[in-house]
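Here are some notes to read alongside the structure.

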Amino acid sequence: MEQQRAAGTIGMWVFLVTEIMFFGGMFLAYTLYRNAYPAAFASASNHLDITLGAVNTAVLIFSSFTMAMAVYCTQVGKRQMQILSLILTIILGLTFLGIKTVEYSDKYRDSLIPGKLIPGRPFNPDLHTFHLLPGASIRNVEMFYWIYFAMTGMHALHMIIGVGLLTVLLIGSVRRRYSPEYYNPVEITGLYWHFVDIVWIFLFPLLYLLGRHLAHGG
Amino acid sequence: MSEHIVPIRVYAGVFLALMAGTTLTVFAAFHDFPWQFNTVIALTIAVIKATLVVLYFMHVRYSSRLIWVILASALFWLAILFALTFSDYWTRGWFPVT
């Protein structure tokens, strides 16, 4: 049993290694373009809603905590608390996705969806309200939004998959499938959930905070 | 890899540290530091937060050597990805291309 548990955990870690490389490629693209067009990236970043971004960071960290509690409660056999922790984690995950939806619809309203991804709604920000820092080109602002949507979109997809996995765990918990002797599914889903949290821990400062100190005067 | 149950107060401590880090990084972002220190500070806080999550929430601190090796290999290859790409981009224009 112990060997099976270890094998499952290692399998999840190997999968997470591939995920690190996958997101790593996107972080690399981000770094290169940000180096090439710092003013455009700062201007575009300043247009993101920092409050919603910060609240979402807190929501995700809290969900990681409740996930850790779910693993703990399974290990010590507190079934009620385990179910409650899983429900909380699912609610927090859905809250994150809800706030993300609000942000995306704001971008749609301001015609900030890059390229012609949305039919009849090409990238076309109102330059009277969109504050461009000196040296910033609107084309490179568009590049920022490509990267923003690619990275947050892939992250959101991982969140959706995570909520799905958590729902399976919740059903399993209600059916008394997990116990202090057998909690590996809870443990490795937790690993996945924490990984998605870590990706956001990097995305938040890199996407939302990079130009704030330049916003006023600067 | 013996089973290790992390006590609740450790989880709570990590949770509070992560929240504090988030608050700190938002505050720091509005200060105008010289050179690239805004980015350096933001990334330092992010790395500390990620390390806390990996060590405690993901139990790596209490895990077998094999998990450490798997994680280290991921970071090593990520470093190769960044190092080789930047050895190209940063050295462009150093020498005139004829």
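This is a predicted model: local features need pLDDT of at least 70, side-chain atom pairs count only at pLDDT 80 or more; totals for chains, interfaces and linings use all residues.

1. Let's begin with chain A, which has six helices and zero strands.

2. Next, the overall dimensions of chain A. Its C-alpha trace spans about 60 × 35 × 30 Å along the principal axes. Chain A has 218 residues, and 40% of them count as buried. Among the contacts in chain A with a separation of 6 or more, 79% are between residues 24 or more positions apart.

3. Now look at where the two chains touch. On this interface, 36 residues of chain B are in contact with 33 residues of chain A. Which elements of chain B give two or more residues to this side? They are α1 (8-29), α2 (37-57) and α3 (65-89) of chain B. The largest share, 12 residues, comes from α3(B). Sorted by class, the side of chain B that touches chain A has 27 nonpolar, seven polar and two charged residues.

4. Helix α6 (residues 184-208) of chain A packs with α2(B) at an angle of about 170°, and their axes are 9 Å apart. Angles over 145 degrees count as roughly antiparallel, so α6(A) is roughly antiparallel to α2(B). From α6(A), the residues that take part are A:H194, A:D197, A:I198, A:I201, A:F202 and A:P205. They meet B:A42, B:A46, B:K49, B:A50, B:V53 and B:F57 in α2(B). The residues of this contact divide into nine nonpolar, one polar and two charged.

5. A helix pair inside chain B comes next. The axes of α1(B) and α2(B) cross at roughly 170° and come within 10 Å. That angle makes α1(B) roughly antiparallel to α2(B). Residues of α1(B) in this contact include B:V10, B:Y11, B:V14 and B:L18, while those of α2(B) include B:N38, B:I41, B:I45 and B:L52. By class, the contact of α1(B) with α2(B) has 15 nonpolar, three polar and one charged residues.

6. At 1.5 Å a residue, its 22 residues should span 32 Å, and the end C-alpha atoms are 32 Å apart, which agrees.

7. Stay with α1(B) and ask which of its residues are buried. The answer is B:Y11, B:V14, B:F15, B:L18, B:G21, B:T22, B:T25, B:V26 and B:A29. Because they cover an arc of only 125° around the axis, they lie on the same side of α1(B). On the other side of α1(B), B:R9, B:L16, B:A20 and B:F27 are exposed. The buried residues of α1(B) pack against α3 (50-76) and α6 of chain A together with α2 of chain B.

8. Finally, two loop residues of chain B deserve a look. B:W35, in the loop between α1 and α2 of chain B, has a positive phi near 50° and is not a glycine. B:H59, in the loop between α2 and α3 of chain B, also is not a glycine and has a positive phi of about 65°. Is each one buried or exposed? B:W35 counts as exposed because it has 7 C-beta neighbours inside 10 Å. B:H59 counts as buried because it has 22 C-beta neighbours inside 10 Å.

Technical notes: Residues are numbered from 1 along each chain as its sequence is written. Chains are lettered from A and ligands numbered from 1 in the order in which they are written. Two residues are in contact if their C-beta atoms, placed from the backbone, lie within 7 Å. Helices (H or I, at least four residues) and strands (E, at least two) are DSSP runs, numbered from the N terminus. Ala, Val, Leu, Ile, Met, Phe, Trp, Tyr, Cys and Pro count as nonpolar, Asp, Glu, Lys and Arg as charged, and the others, Gly among them, as polar. Axes are lines fitted to C-alpha atoms, for helices over the stretch in contact, and angles run from 0 to 180 degrees between N-to-C directions. Angles under 35 degrees count as roughly parallel, over 145 as roughly antiparallel, 65 to 115 as roughly perpendicular and the rest as oblique. A residue is buried if 20 or more other C-beta atoms lie within 10 Å of its own, exposed if 12 or fewer, and partly exposed in between; C-beta atoms are placed from the backbone. The expected span of a helix is 1.5 Å times one less than its number of residues. The arc is that of the directions from the helix axis to the C-beta atoms.
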